[in-house]
Structure formats: structure tokens, C-alpha cells
Amino acid sequence: DKTCILGRCDCETKRFPHLAMERTSAVKHTFTVEDVFERASATLEKCIGHGATRMRTHVEVDPKVGLRGLEGVRALASSSIGYHHCAQLATGAMRCWGWNAEGQMGDNSTTNRGLPVPVSGITNAIAMSAGQSHTCAVLADGSSKCWGRNAEGQLGDTTTTGRLLPVSVAVLQGAVSVGAQYRATCFQLATGVVKCTGYNGY
């Protein structure tokens with residue numbers, strides 16, 4: 001809950017290290033759930049991008065004085081479904097990094113990536129989502145593509161064959177957003193209709 005707060009602590013810690021705790025305590029009132037989530041998320045992405053595969057965190061818990069950082073960390077854990085992450089660039093291209101045993105990087109390999117690598121063939125994405133072991137993108141023309149694990153049909157290509165490269169989602173046009181979850185994927189269409197594919201055991 002204290003990551004990325006140097007800008008808030010005006011303290012010469014090298015000369016006066018004992019002041020660091022005092023200055024940190026003085027800004028704890030700014031540690032909202034949303035604030036902790038955003039800072040922790042930025043830190044997590046940087047660590048994964050530099051090759052980290054394990055992390056440990058410490059969070060102060062005292063709701064009586066307003067310390068709710070644990071809620072922010074829990075929210076981050078819930079949003080980070082798998083062990084890989086992807087980013088959509090302003091150009092419409094995509095980059096992915098992290099665990100790649102199921103081909104979720106979309107770079108035609110199963111090599112884990114410590115740094116972001118381009119997703120093959122994706123140049124006009126308008127939305128994307130990374131599930132546990134698969135990734136999907138909505139393209140500018142309303143079509144969608146997915147790649148990675150497909151044992152439950154979460155890629156929506158009418159098969160259960162895993163894909164190392166993006167494949168088109170069958171019978172789906174007009175998508176505007178996508179949500180890739182544990183073993184399923186849902187797409188929202190411009191009409192407001194939501195269509196899903198994959199595991200339906202619940």
C-alpha cells in the first residue's frame with residue numbers, strides 16, 4: 001500500500017532516514033482503495049515486465065483509522081486473473097508478457113516472456129481482455145480474435161484446440177468490448193446484446 005509514494009513524501013531520507021516513517025504516516029490518509037489499486041497495479045505491471053514471477057506484499061490493516069489498502073490489493077488480485085498481462089497501444093497494436101505455456105502471448109510460441117512482445121497480426125484493436133490462460137481482442141471492424149488455451153471453447157472458434165496465434169471468433173460481428181475470464185469469454189455488441197463462449201458449468 002506504500003508503493004509509488006515518493007512524490008508525496010518530501011523527505012531527505014538519505015540524510016534523515018528516521019523521518020521516512022513520519023512522512024509516510026502523514027500521507028496515509030490519501031491511501032484510498034482506488035489509490036492503492038492504481039499504484040499497486042502499476043507496480044505489478046512493471047515487475048512482470050522486468051521478469052518477476054513471484055511477489056510478496058505487506059499491507060497495514062486498521063479500518064478504524066481509515067487504512068483500507070487491503071481492499072485495494074484484493075481488488076487487484078481479483079482483476080489479475082492469470083499470470084500474463086497485455087496492453088493495448090494507441091496505435092491499435094497489442095503487447096503481452098508473462099506466462100505463455102498455453103500460447104497466451106499470441107506470438108506463435110510457448111516461451112514465457114519477461115518483457116512485452118507484439119501480438120502477431122493485431123494492429124487495430126479497440127478493446128482487449130486477458131483471461132487466466134487466453135487473451136481476446138475486439139478489432140476496429142467489429143470482429144474479434146482470441147488466442148491461448150481453448151479446452152473449454154473460450155476462444156469461440158467452434159473448436160477446443162489451443163491457439164498460439166490469434167484466430168477469428170466465429171459468427172460474431174459488431175462487438176465493442178470483451179471480458180475474458182477463467183475459462184470463458186463474453187462480448188458486448190453495439191446493440192447491447194452480450195454473447196459468451198466457453199465453460200458454462202455454473
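1. A quick word on terms before the layout: helices (H or I, at least four residues) and strands (E, at least two) are DSSP runs, numbered from the N terminus. Read that way, this chain goes α-α-α-β-β-β-β-β-β-β-β-β-β along the sequence, with 3 helices and 10 strands in total. Keep in mind that we're looking at a predicted model.

2. Take the contacts between residues at least 6 apart in sequence, and 47% of them join residues at least 24 apart. The chain exposes about 11500 Å², with carbon and sulfur atoms supplying 54% of that area.

3. Four strands form an open sheet in the order 4-5-6-7, paired antiparallel. Strand 4 (125-130) and strand 7 (163-168) are the edges: each has a single partner strand, so one side of each has no neighbour in the sheet. Ignoring direction, neighbouring strands here are turned by 15° against each other on average.

4. What does strand 7 pair with, and over how many bridges? Its antiparallel partner is strand 6 (residues 144-148), and the pairing runs over 3 bridges. Within this part of the sheet, C146 sits opposite V167 of strand 7.

5. T185 has T197 of strand 10 as its bridge partner. Between the strands of this hairpin lie 4 residues, and G192 takes a positive phi near 100°.

Notes. Residues numbered from 1 in each chain as written. Predicted model: local features only at pLDDT ≥ 70, side-chain atom pairs only at ≥ 80, totals over all residues. Heavy atoms only, no water. Pairing = 2+ DSSP bridges. Contact = heavy atoms within 4.5 Å. Areas by Shrake-Rupley, 256 points an atom, 1.4 Å probe, with all protein chains shown as cover. Axes fitted to C-alpha atoms, helices over the stretch in contact; angles between N-to-C directions.
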